[in-house]
Amino acid sequence: MADTTGAPKVVGRLASHRLLGELLAEFVGTLVLILFGVGVVAQVVAAGLGDHDSIAWAWGFGVTFGVYVAARLSGAHLNPAVTLALAMFRGFPWARVAPYALAQTAGAFVAALLVRWNSSEVLAKADPGHTIKTQGVFSTLPGNGVFPISEWGALRDQIIGTAILLLVIMALTDVLNTAPKANLGPLLIGFLVVAIGMAIGTDAGYAINPARDFGPRLASYITGYHSAWRDQYGDLYFWVPIVGPLIGGPIGAAVYHYVIRPFLPEHAEQPAGSILPEDE
């Protein structure tokens with residue numbers, strides 16, 4: 001008798017193996033992103049080396065390098081807001097949204113632990129009590145802990161910033177549009193993050209990524225930052241960089257999906273010697 005169960009088992013094993021690879025790619029890609037991003041903030045805040053611009057550039061390059069690490073296996077979402085938006089508008093499987101988000105958050109958590117360990121001496125010197133003074137190394141605060149921004153103002157900022165992020169990402173990754181070649185895409189997405197940091201970084205520190213904020217916030221909490229869940233006013237704040245991006249990401253993706261994409265030519269061919277698709 002023929003073994004009618006063999007093929008499904010092979011398919012199941014292949015699917016499981018593929019999912020494992022995708023989740024590991026999201027984990028490592030997000031880890032790379034956070035190593036650069038949280039690492040540069042630690043260097044600026046605790047050691048006094050660099051400034052706002054170096055923070056913006058290092059975050060952008062962290063995104064670029066993280067995307068290069070993970071893109072071939074998982075698509076390099078590195079952000080639950082991106083994963084959610086792609087499930088809503090690009091056909092990404094809903095069953096993989098939660099596993100991706102968990103892998104991203106785990107990568108951010110482990111990276112923050114590494115930065116916390118590696119920067120332990122300078123953090124202890126700059127802020128022996130591990131207070132709100134250096135909490136911003138790991139997680140965001142309204143007004144960067146300085147300006148008079150409420151949690152609702154920060155929520156507004158996170159919605160707007162993440163909407164911009166997803167609007168442009170959708171454009172950069174749409175083959176029907178003037179999308180860059182695959183090897184250039186990660187660099188431009190990194191530049192996008194730099195631009196958001198330089199233009200929309202005052203009100204809430206441009207987390208624009210729930211994993212980026214929650215993972216390092218948890219890492220800081222278990223390593224001595226006992227006020228990690230609250231802001232400089234003592235208000236419970238950790239939810240803002242989670243909820244804001246999860247609202248803003250789909251809004252930005254929806255703007256692109258319903259306002260731009262319906263008017264693009266369905267078959268945009270690339271003529272030789274041109275960087276633009278041929279007019280139809």
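**Close-up 1. A cluster of aromatic rings in the predicted model.** In this predicted model, F36, W57, F61, F65 and F191 are joined into a cluster through ring pairs.

**Close-up 2. The aromatic pair of F89 and Y258.** The rings of F89 and Y258 are arranged edge-to-face, with 6.0 Å from centre to centre and 85° between the planes. Because F89 belongs to helix α3 (residues 80-89) and Y258 to helix α10, the pair ties together parts of the sequence that are 169 residues apart. As for accessibility, F89 counts as buried at 15% relative accessibility, whereas Y258, at 56%, counts as exposed.

**Close-up 3. The aromatic pair of F92 and Y100.** F92 and Y100 also form an edge-to-face pair, for which the centres are 4.8 Å apart and the angle between the planes is 65°. F92 is buried, with a relative accessibility of 13%, and Y100 is likewise buried, with a relative accessible area of 1%.

Close-up 4. Five salt bridges are found when the whole structure is searched, and one of them joins the side chains of E22 and R18, with 3.2 Å from N to O. Both residues lie in helix α1 (residues 6-47), where a spacing of four residues separates them by about one helical turn. E22 counts as buried at 4% relative accessibility, while R18 is exposed, with a relative accessible area of 57%. Together with R96, the residues R18 and E22 are linked in a network of salt bridges.

**Close-up 5. The salt bridge of R156 and D203.** The closest N and O atoms of R156 and D203 are 3.1 Å apart in this salt bridge. R156 is in helix α7 (residues 151-172) and D203 is in the loop between α8 (185-199) and α9 (210-222), so that distant parts of the chain, 47 residues apart, are linked by the pair. With a relative accessible area of 45%, R156 is partly exposed.

**Close-up 6. The salt bridge of R261 and D174.** The side chains of R261 and D174 meet in a salt bridge, with an N to O distance of 2.9 Å. Since R261 lies in the segment after α10 (240-260) and D174 in the loop between α7 and α8, the pair ties together parts that are 87 residues apart in sequence. R261 is partly exposed, its relative accessible area being 29%, whereas D174 counts as buried at 1% relative accessibility.

Technical notes. Residues are numbered from 1 along each chain as its sequence is written. This is a predicted model: local features need pLDDT of at least 70, side-chain atom pairs count only at pLDDT 80 or more; totals for chains, interfaces and linings use all residues. Side-chain values use heavy atoms; hydrogens and water are left out. A salt bridge is a side-chain nitrogen of Lys or Arg within 4 Å of a carboxyl oxygen of Asp or Glu. Helices (H or I, at least four residues) and strands (E, at least two) are DSSP runs, numbered from the N terminus. Buried means under 20% relative accessible area, exposed over 50%, partly exposed in between (1.4 Å probe, protein chains only). Rings of Phe, Tyr and Trp (its six-membered ring) pair if their centres lie within 6.5 Å; planes under 30 degrees apart count as stacked, over 60 as edge-to-face and the rest as tilted.
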